[in-house]
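Please keep the sequence and the coordinates in view while reading.

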Amino acid sequence: MARSLGRLFKGFHRLATLSPLKTLCHPQTGFSVRTTSERTLVQALSLPFFSKPRDFSLPNSSWGPEMMRMYEHYNSQCEVETEGGEKQRGPWRRLPSYNRIIKYATGGLYLSKIIQSKARLFTRNIRDTGAAFEYVLFINSEEKKCVCILQAGHLLEGPPGHVHGGAIATMIDTVLGTHATYLSGPVMTANLNINYRSPIPLGSTVLLESSLDKKEGRKTLLLCKVTSTDGSKLHTETTALFLSISISNLLLGG
């Protein structure tokens, strides 16, 4: 077993020496990858986990009327009809959301199949729909914007009857991280500065809107606000910094 793992990681190291190619986007994880080695690593590590993927960002019975209304509003802009009656891609795109991505821990340590089967993305680790993070993301490539429709479940309680500040921060980081990835390829959060303006009631539906501030080399700076769906109430304001990374270096502990 140890020899087999050694050969596996040596193979990954050899892949990391291959020449770069243009940026590509993995169809299931959504990660943009820039080199042959990174593309191969993503495919090799993630595809076994997506043999029967479940998209958690589709409507389900837990969605309230406001969650569904906002979903239909943005989803209707994913495909538009021309004057000639033809369908074409609209300005927005719905992003699928799955419950896990890779099977390797930080530092390249191999996890057993039992642990692998239980690994979950933090925001998708609740089996009961609607109990915690119920959300869907849409991205607008032309305007460099991303929006998240979030319905906060009862398991996210902090102050009585309201959403925990850490849960809000988790969703902000999730939305901004996703947006930064689509703008700049693989990234990691370097700084997240959140100003809390007003609490979010449990069970309510809010909008998280992310926009690009600027890009400088490896740095991607974003702005985000969390508001009521009609925009009348501001819940949080955020500035964030993300740094571009190499997937191969991250997985191999480089």
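**A sheet and the helix across it**

Leucine 212 has leucine 222 in β10 as its bridge partner.

The chain has a mean pLDDT of 81, with 70% of its residues reaching 70 or more. Residues 1–51 have a pLDDT below 50, although this stretch has 84 contacts in the model beyond near neighbours in sequence. Residues 103–108 also stay under 50 in pLDDT, and the model has 16 contacts for them beyond four places in sequence. Where pLDDT is low, the predicted coordinates should not be read in detail.

In general, strands of a sheet pair through backbone hydrogen bonds, either parallel or antiparallel.

The individual pairings can now be followed in the order of the sheet. Strand β6, residues 133–140, pairs with β7 in the antiparallel sense over 8 bridges, and glutamate 134 stands opposite glutamine 151 in β7. On to β9, the pairing of β7 and β9 is antiparallel over 7 bridges; here cysteine 146 has serine 210 in β9 as its bridge partner. The hairpin of β9 and β10 has 2 residues between the strands, and glycine 217 in this hairpin takes a positive phi near 60 degrees.

Strand β10, residues 219–228, pairs in turn with β11 in the antiparallel sense over 9 bridges. Threonine 220 stands opposite phenylalanine 242 in β11. The hairpin of β10 and β11 has 5 residues between the strands, and there glycine 231 takes a positive phi near 80 degrees. Strand β11, residues 234–244, also pairs with β8, residues 187–196, over 9 bridges in the antiparallel sense. In that pairing asparagine 191 stands opposite leucine 241 in β11.

What lies across these strands?

Rolling a probe the size of a water molecule over the atoms shows where empty space is left. The count comes to 3 cavities of 30 Å³ or more, and about 70 Å³ of space lies in the largest cavity. The elements that give two or more residues to the lining of the largest cavity are β7 (145–152), α5 (165–184) and β9 (205–216). Which of the elements gives the most to this lining? It is α5, with 3 residues.

Phe133, Leu150, Ala152, Leu156, Val163, Ala167, Ile168, Met171, Ile200, Val206, Leu208 and Val226 line the largest cavity. By class, this lining has 12 nonpolar residues, with no polar and no charged ones.

How values were computed
Residues are numbered from 1 along each chain as its sequence is written. This is a predicted model: local features need pLDDT of at least 70, side-chain atom pairs count only at pLDDT 80 or more; totals for chains, interfaces and linings use all residues. Side-chain values use heavy atoms; hydrogens and water are left out. pLDDT is the predictor's confidence in each residue, from 0 to 100. Contact means heavy atoms within 4.5 Å. On a 1 Å grid over the protein atoms alone, a cavity is a set of points where a 1.4 Å probe fits but cannot get out, and a pocket is an open set with protein on both sides within 12 Å along at least five of seven lines; lining residues have an atom within 4 Å of a point. Grid points are joined across faces, edges and corners, and a volume is the space filled by probe spheres set on the points. Helices (H or I, at least four residues) and strands (E, at least two) are DSSP runs, numbered from the N terminus. Ala, Val, Leu, Ile, Met, Phe, Trp, Tyr, Cys and Pro count as nonpolar, Asp, Glu, Lys and Arg as charged, and the others, Gly among them, as polar. Two strands pair if DSSP finds at least two bridges between them.
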